[in-house]
Amino acid sequence: MSGPLPLRFVLSAPSVGQLPPSRAEVAVVGRSNVGKSSLLNALGNRKALAHVSKTPGRTQLLNCFEVTDGATVIDCPGYGFASVPGRVRATWQQMIEGYLLEREPLEMVVVLVDGEIGPTKLDVTMLGWLRSHTVAHSVVATKADKVKSSQRERRKREVAAGCDLLPSDIVWVSATKGTGVEALRRHVRLWLHLG
Ligand code: GDP
């Protein structure tokens, strides 16, 4: 199977307990503005697919999309809104951590890192947390088109080093140009056992 992932919005859940049953699930996390919505739209080849995740009231929820029966993708709330008060942030953190630790069908957590600016402190914290809890995860660098081709190799090494990974561990994508999108779809299909 190749081509767009037929992502269909199912529901938004305030906690892991309210998510629908799933056989295999991939979660997408990243700080706000990393390009998560654009990438989900690119994976599904739909313009406003992940728009739903950005509607008021849904930005702090686990937004569930189904690829096929029992194979799901969760768009997790973006972390790192500077304007969010500490109390609200703590609630989000609890929800995301609860989800990442307790969700049984979770096969892979895709951590989005902005390819142009590299991993932020929050990204590094998230990666350290996933490692320390042995949650399977994979780093995807977004906005590849923003890196000049003359700087690409060096940038790939820098981003990988910042994530404490090898350059070959990271898939680079551009939602705008479509670069790497099909490669990422293939990974997602494998993680969801649809490959
Ligand atoms: P989210 O907050 O993580 O969902 O991020 P968005 O998908 O809304 O993207 C944040 C900003 O980055 C928007 O202005 C997008 O147009 C831009 N953006 C997202 N993906 C890409 C990309 O692949 N290339 C470029 N050049 N800009 C992108």
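Predicted model: local features only at pLDDT ≥ 70, side-chain atom pairs only at ≥ 80, totals over all residues.
Residues are numbered from 1 along each chain as its sequence is written, and side-chain values use heavy atoms, with hydrogens and water left out.

**Ligand**

- A polar side-chain atom of Ser-37 lies 2.6 Å from an oxygen atom of the ligand.
- Lys-36 uses its backbone: an N or O atom there lies 2.8 Å from a ligand oxygen atom.
- On its own the ligand has 580 Å² of accessible area, and the protein covers 73% of it (Shrake-Rupley method, 1.4 Å probe; for residues, only the protein chains shown count as cover).
- Around the ligand stand 14 residues, of which Ser-37, Ser-38, Lys-54, Asp-145 and Thr-176 come nearest (a residue is near a molecule or strand if one of its heavy atoms lies within 4 Å of it).
- By class, this shell has two nonpolar, seven polar and five charged residues (Ala, Val, Leu, Ile, Met, Phe, Trp, Tyr, Cys and Pro count as nonpolar, Asp, Glu, Lys and Arg as charged, and the others, Gly among them, as polar).
- Helix 1 gives the largest share of the shell, three residues (helices are DSSP runs of H or I with at least four residues, strands runs of E with at least two, numbered from the N terminus).

**Largest pocket**

- The ligand takes the space of the largest pocket (a molecule sits in a cavity or pocket if more than half of its atoms lie within 2 Å of its grid points).
- Pockets and cavities are found on a 1 Å grid over the protein atoms alone: a cavity is a set of points where a 1.4 Å probe fits but cannot get out, a pocket is an open set with protein on both sides within 12 Å along at least five of seven lines, and lining residues have an atom within 4 Å of a point.
- The largest pocket holds about 460 Å³ of space (grid points are joined across faces, edges and corners, and a volume is the space filled by probe spheres set on the points).
- Its lining has 26 residues, and Asn-33, Gly-35, Lys-36, Ser-37 and Lys-54 are the closest to its centre.
- Helix 1 (36-44) and helix 2 (51-54) each supply at least two lining residues.
- Helix 1 gives the most, with five.
- The lining divides into eight nonpolar, 12 polar and six charged residues.

**Second largest pocket**

- The second largest pocket has a volume of about 320 Å³.
- Helix 3 (86-102) and helix 4 (121-132) are the elements that give two or more residues to its lining.
- Helix 3 gives the most, with six.
- Among the lining residues are Tyr-79, Arg-89, Trp-92, Glu-97 and Trp-129.
- Seven are nonpolar, three polar and two charged.

**Cavity**

- The whole structure has one cavity of 30 Å³ or more.
- The largest cavity holds about 70 Å³ of space.
- Its lining has 12 nonpolar, no polar and no charged residues, including Leu-5, Val-28, Leu-112 and Val-188.
- Helix 1 gives the largest share of this lining, three residues.

Conventions:
Polar contact = N/O pair within 3.5 Å; in protein donor to acceptor, adjacent residues only side chain to side chain.
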